[in-house]
Amino acid sequence: MRQFPHRVWSYVRSAPGTYLWLATLFITTVAVHHMSPDFEQEFLRQRSTNLHELSTDPIRVLVSSAFWIDGSSWWPYAVLYTVFHAQAERWLGTARWLGVAGAAHILATLISEGALLWAIRHGHAPASSVNTLDVGVSYALAGIVAVLTYRIAPPWRYVYLAGVLVVYGSPLLTGRTFTDLGHFTSVLIGLACHPVVRDRGALWHPFRRKARAA
């Protein structure tokens, strides 16, 4: 038990970008929970990657939107960041991990908002959708979840990939919202990052490790 705090701290230090990002999300989430509902909506909308804000100051909102959660609890993100982001950063290194996460966040946002703009212009979505609230870190997370496919050795890689496609593909088939499109696009972007990750060492064999432990 005496080694546990040291191991936790060592793990956190091995993925500094992940936990700095997570710490920032904790601070901004606490700030949001102290806002009145009306002020919160307007505050987050100004940091949202909706069509109005993207047309006004795209760089600002693409960056700022990645540091706010839309009224959600912080703890589930702490778990997801530890399971996926931290593993990816430890595997890829901070620069490559950030590149994959950033590509998924930015490109999926632009593609999904482009689809929403098309829908508005063709009468499939109301004009008020230009101000839709769209903040959060889920696009970057989806891209990282997908790129971790290449961390796993076959045949378990294909089982994991099938699960990822089901989790992110099913909402796109049933809901068909612009956020569903953004999530699935993020997965495709993560999978397209194979050239960035293919030289990152030995693959993970989950059951082989258990056998050695036994």
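The structure is a predicted model. The chain contains 12 helices and 0 strands. Its radius of gyration is 19 Å, close to the 17 Å that the globule rule gives for 214 residues, so the chain is as compact as a globular protein of that length.

**Overall architecture**

- Along the sequence, the order of elements is α-α-α-α-α-α-α-α-α-α-α-α.
- Taken along the principal axes, the box filled by the C-alpha atoms of the chain spans roughly 60 × 35 × 30 Å.

**Burial and contacts**

- Buried residues make up 41% of the 214 residues of the chain.

**Packing of H2 and H6**

- Helix H2 covers residues 16-33 and helix H6 covers residues 75-92; their axes come within 8 Å and cross at roughly 155 degrees.
- Angles over 145 degrees count as roughly antiparallel, and H2 and H6 are therefore roughly antiparallel to each other.
- The handedness of the crossing between H2 and H6 is right-handed.
- On the H2 side, the contact is formed by Pro16, Gly17, Thr18, Tyr19, Trp21, Leu22 and Leu25.
- On the H6 side, the contributing residues are Tyr77, Ala78, Tyr81, Thr82, His85, Ala86 and Glu89.
- By class, the residues of the contact of H2 with H6 comprise 9 nonpolar, 4 polar and 1 charged.

Notes
Residues are numbered from 1 along each chain as its sequence is written. This is a predicted model: local features need pLDDT of at least 70, side-chain atom pairs count only at pLDDT 80 or more; totals for chains, interfaces and linings use all residues. Side-chain values use heavy atoms; hydrogens and water are left out. Axes are lines fitted to C-alpha atoms, for helices over the stretch in contact, and angles run from 0 to 180 degrees between N-to-C directions. Helices (H or I, at least four residues) and strands (E, at least two) are DSSP runs, numbered from the N terminus. Angles under 35 degrees count as roughly parallel, over 145 as roughly antiparallel, 65 to 115 as roughly perpendicular and the rest as oblique. A crossing is left-handed if the near helix is turned anticlockwise from the far one by less than a right angle, and right-handed if clockwise. Contact means heavy atoms within 4.5 Å. Ala, Val, Leu, Ile, Met, Phe, Trp, Tyr, Cys and Pro count as nonpolar, Asp, Glu, Lys and Arg as charged, and the others, Gly among them, as polar. The radius of gyration is taken over C-alpha atoms; the globule rule is 2.2 Å times the number of residues to the power 0.38. Buried means under 20% relative accessible area, exposed over 50%, partly exposed in between (1.4 Å probe, protein chains only).
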